[in-house]
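Have the picture open while you read.

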Amino acid sequence: MMEAPVSKGTRIYEKVVEKLKGEISAGNILPGDPLPSERQLMETFGVSRSSLREAFRVMELLGLIESIPGKGRFVRHPRAISENKNTIQLEDSAILELMEARRILDPAIIAESAMRATPSDLTRILRNITSTERSLAGPDERAQADFDFHLLIAEATHNFVFINLTRMNFDLILATHERIYNLLDDKDAFLNEHKEMYDAILDHNVEKAREAASRHIDRIYRTLHRGIAAGE
């Protein structure tokens with residue numbers, strides 16, 4: 001297990017994350033299993049402790065591992081996705097848990113944005129929508145456009161906590177964006193819902209904004225849940 005060292009690069013921890021994710025996906029490290037010791041992983045991958053710990057931080061954010069004080073780091077157990085308790089891939093479980101959190105956070109953030117957005121905030125959001133209309137070809141473009149749009153909404157709240165929460169959420173989304181945006185292939189809905197949210201913010205209509213954000217994230221959650229449950 002895990003015999004190949006990590007190739008050197010500017011972001012070594014990302015390569016460590018990919019290798020560890022591969023071991024988990026392959027079943028070489030099972031849910032509930034402890035990760036090898038830091039010393040062992042440093043020797044196996046040929047990386048520094050700081051790079052390794054950054055990889056651990058990312059994997060904890062992704063919901064793939066958990067740290068138990070005094071015991072070590074362990075692979076998380078994925079949740080059941082259906083009534084018959086069939087489990088899914090750990091990464092897919094983490095994606096759904098993130099979207100569940102967004103069903104609470106996104107309407108609250110956009111409501112604040114509708115109250116506080118300035119003319120310059122509105123200009124930046126509209127510019128994002130206009131540029132998004134020109135390029136929705138693949139998951140990379142849609143992931144970046146989605147991140148930019150929701151970050152602009154968070155910035156329009158003028159609340160640093162909402163901004164940082166949005167950044168953290170999309171750190172996780174961008175780390176698994178190919179999986180997410182290949183399932184979310186309804187490009188027209190993606191753009192139309194962004195326009196609805198912008199219109200509500202433009203009108204400073206808090207309730208309309210909250211409802212638009214709820215519809216948006218609910219559709220995303222249902223689409224992802226359906227695709228993951230079907231094994232797509």
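Start with Arg76 and Glu97, whose side chains meet in a salt bridge, with N to O at 3.3 Å. A salt bridge here is a side-chain nitrogen of Lys or Arg within 4 Å of a carboxyl oxygen of Asp or Glu. Arg76 sits in the loop between strand 2 (72-75) and helix 4 (90-116), while Glu97 is in helix 4, so this pair ties together parts that are 21 residues apart in sequence. Helices (H or I, at least four residues) and strands (E, at least two) are DSSP runs, numbered from the N terminus. Glu97 counts as partly exposed, at 26% relative accessibility. For that label, buried means under 20% relative accessible area, exposed means over 50%, and partly exposed is in between (1.4 Å probe, protein chains only).

A quick word on the source: this is a predicted model, where local features need pLDDT of at least 70 and side-chain atom pairs count only at pLDDT 80 or more, while totals for chains, interfaces and linings use all residues. Residues are numbered from 1 along each chain as its sequence is written, and side-chain values use heavy atoms, with hydrogens and water left out.

How many salt bridges does the structure hold? There are 16. One of them joins the side chains of Arg49 and Glu38, at 2.9 Å from N to O. Arg49 belongs to helix 3 (residues 49-61) and Glu38 to helix 2 (residues 38-45), so the pair ties together parts that are eleven residues apart in sequence. Arg49 is partly exposed at 37% relative accessible area, whereas Glu38 is buried at 15%.

Then there's Arg102 with Asp106, where the closest N and O atoms are 2.7 Å apart. Both lie in helix 4, four residues apart, about one turn of the helix. Arg102 and Asp106 are both buried. Salt bridges that share partners also join Glu38, Arg49, Arg53 and Arg73 into one network.

## Helix 1 and its neighbours

Helix 1 (residues 12-25) has 14 residues and reaches 20 Å from its first C-alpha to its last, close to the 20 Å expected at 1.5 Å a residue. (That expected span is 1.5 Å times one less than the number of residues.) Its buried residues include Ile12, Val16, Leu20 and Ile24. The buried residues of helix 1 pack against helix 2, helix 3, strand 2, helix 4 and helix 7 (160-175), with contact meaning heavy atoms within 4.5 Å. Just after helix 1, Gly27 takes a positive phi of about 85 degrees.

## Hidden holes

The structure holds two cavities of 30 Å³ or more. On a 1 Å grid over the protein atoms alone, a cavity is a set of points where a 1.4 Å probe fits but cannot get out, and lining residues have an atom within 4 Å of a point.

Conventions: On a 1 Å grid over the protein atoms alone, a cavity is a set of points where a 1.4 Å probe fits but cannot get out, and a pocket is an open set with protein on both sides within 12 Å along at least five of seven lines; lining residues have an atom within 4 Å of a point. Grid points are joined across faces, edges and corners, and a volume is the space filled by probe spheres set on the points.
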